[in-house]
Amino acid sequence: MNRDNASDLLVFLAVARERSFTRAAAKLGLSQSALSQIVRALEERLGVRLLSRTTRNVAPTLAGERLLRTIGPKFDEMDAELAALSELREKPAGTIRVTSTEYAAEAILMPALRSILPKYPDIKVEVVIDYGLTNIVAEQYDAGIRPGELVARDMIAIRISPDLRMAVVGSPDYFATRKKPRTPQELTEHNCLNLRLPTHGGRLYAWEFEKNGRELNVRVEGQLVFNGSGTLLSAAVNGLGLAYMTEGQAKPQLASGRLVRVLGDWCPPFSGYHLYYPSRRQASPAFSLLVDALRYRGKV
């Protein structure tokens with residue numbers, strides 16, 4: 001490949017993926033004007049327009065999308081091979097990017113990192129809290145952590161936790177003036193704490209229940225809406241409403257009596273957390289250490 005074409009394609013890929021000359025310039029350490037000139041020169045050599053530019057947006061054209069789809073993965077594979085070669089040394093090293101939900105990061109990922117990082121100071125880990133179904137390939141993550149039932153089939157998935165259960169919880173103060181619900185339908189009579197997640201297109205998360213093979217989704221109402229589980233738990237402890245969250249997250253507050261659980265018979269176990277990553281990923285020594293530390297070895 002012509003050297004100019006190779007370097008210019010790298011610039012195009014950065015701009016097309018970031019959809020911004022500003023962010024791509026910061027990532028590559030070049031000026032915006034330099035990037036613009038490089039992309040324009042590439043377009044002139046190819047005889048097609050690759051990027052559609054407006055004052056607010058930068059987006060690939062049809063030709064640009066095709067180039068991004070066909071050339072992008074090849075450059076990614078070359079980067080992965082070079083990274084793997086650079087890490088063939090005595091001590092594992094490198095940066096690992098992981099996307100995870102807040103609770104999984106705190107309860108599962110942090111203990112694993114505590115066992116690895118002090119021994120291997122050349123390993124760096126970037127953890128991004130995200131509740132959406134993140135495309136880890138497109139977003140350039142090394143791996144993600146989600147419940148097993150949400151992991152795409154073309155990914156390698158490693159179980160890192162036992163099965164999970166959801167829990168509906170409220171404080172004793174909240175229940176002091178309200179009857180405890182006996183069925184999910186009775187939640188309509190309660191002040192419920194809602195969660196808005198990108199996984200559901202920005203809609204409020206419907207509470208999911210199952211009993212004797214009967215599945216039931218309830219869209220609850222309440223005065224508060226959150227986009228994270230930490231504030232949801234705090235609001236429930238403070239008596240502001242009923243919350244729906246993983247059993248493990250509520251467990252310390254349930255044990256201390258600060259929260260009370262209801263509708264337990266409507267919340268059966270489901271697939272636990274899994275670490276997932278692309279099947280074609282070349283595992284570095286650092287990443288292999290993380291996988292081994294996270295791997296669940298107990299009973300499901």
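**View 1. Strands β5 and β14 pair in the antiparallel sense.** Strand β5 covers residues 143-147, and strand β14 covers residues 273-278. Four bridges join the two strands. Within this pairing, R146 stands opposite H274 of β14. The model shown here and in the other views is predicted.

**View 2. Two helices, α5 and α9, against the strands.** Helix α5 spans residues 102-116 and lies across β3, β4, β5 and β14. Strand β3 takes in residues 94-100. The direction of α5 runs at about 175° to β4. Helix α9, residues 285-294, packs on the sheet as well. Its contacts reach β3, β4, β5, β6 and β14. The α9 direction makes about 160° with that of β14.

**View 3. An open sheet of five strands.** The strand order is β4-β3-β5-β14-β6, and the pairing is mixed. The edges are β4 (123-129) and β6 (155-159). Each of these edge strands pairs on one side only. Neighbouring strands of the sheet are turned by 25° against each other on average, direction ignored. Strands of a sheet pair through backbone hydrogen bonds, in either the parallel or the antiparallel sense.

**View 4. The tilted pair of Y205 and Y244.** The model has six aromatic pairs by the ring-centre rule. In the pair of Y205 and Y244, the distance is 6.0 Å centre to centre, with 40° between the planes. Y205 lies in the loop between β8 and β9 (207-211), while Y244 belongs to strand β12 (residues 243-246), so the pair ties together parts that are 39 residues apart in sequence. Why does Y205 count as buried? Its relative accessible area is 16%, and buried means under 20%. Y244 is buried too, at 5% relative accessible area. Y205, W207, F209 and Y244 form one aromatic cluster.

**View 5. An edge-to-face pair, Y277 with F287.** The ring centres are 5.0 Å apart. The planes stand at 85°, so the pair is edge-to-face. Y277 sits in strand β14 and F287 in helix α9. The pair therefore ties together parts that are ten residues apart in sequence. Y277 is buried, with a relative accessible area of 11%. F287 also counts as buried, at 1% relative accessibility.

**View 6. Charges over rings: R97 with Y141, and K180 with F175.** The charged end of R97 sits over the ring of Y141. The distance from the ring centre of Y141 is 4.3 Å. K180 lies over the face of F175. Here the distance to the ring centre is 5.8 Å.

**View 7. E189 in a loop.** This loop runs between α6 (172-175) and β8 (194-195). Is E189 buried or exposed? E189 is exposed, with a relative accessible area of 65%. G222 is 33 residues from E189 along the chain. The C-alpha atoms of E189 and G222 are separated by 9.8 Å.

**View 8. The whole chain, for orientation.** The secondary structure comes to nine helices and 14 strands. The C-alpha trace spans about 75 × 50 × 35 Å along its principal axes. Of the 300 residues, 42% count as buried. Among contacts between residues at least 6 apart in sequence, 72% join residues at least 24 apart. The accessible surface comes to about 16,800 Å². Carbon and sulfur atoms account for 51% of this surface.

Key. Residues are numbered from 1 along each chain as its sequence is written. This is a predicted model: local features need pLDDT of at least 70, side-chain atom pairs count only at pLDDT 80 or more; totals for chains, interfaces and linings use all residues. Side-chain values use heavy atoms; hydrogens and water are left out. Buried means under 20% relative accessible area, exposed over 50%, partly exposed in between (1.4 Å probe, protein chains only). Two strands pair if DSSP finds at least two bridges between them. Axes are lines fitted to C-alpha atoms, for helices over the stretch in contact, and angles run from 0 to 180 degrees between N-to-C directions. Contact means heavy atoms within 4.5 Å. Rings of Phe, Tyr and Trp (its six-membered ring) pair if their centres lie within 6.5 Å; planes under 30 degrees apart count as stacked, over 60 as edge-to-face and the rest as tilted. A charge sits over a ring if NZ of Lys or CZ of Arg is within 6 Å of the ring centre and within 35 degrees of the ring normal. Accessible areas come from the Shrake-Rupley method with a 1.4 Å probe; for residues, only the protein chains shown count as cover.
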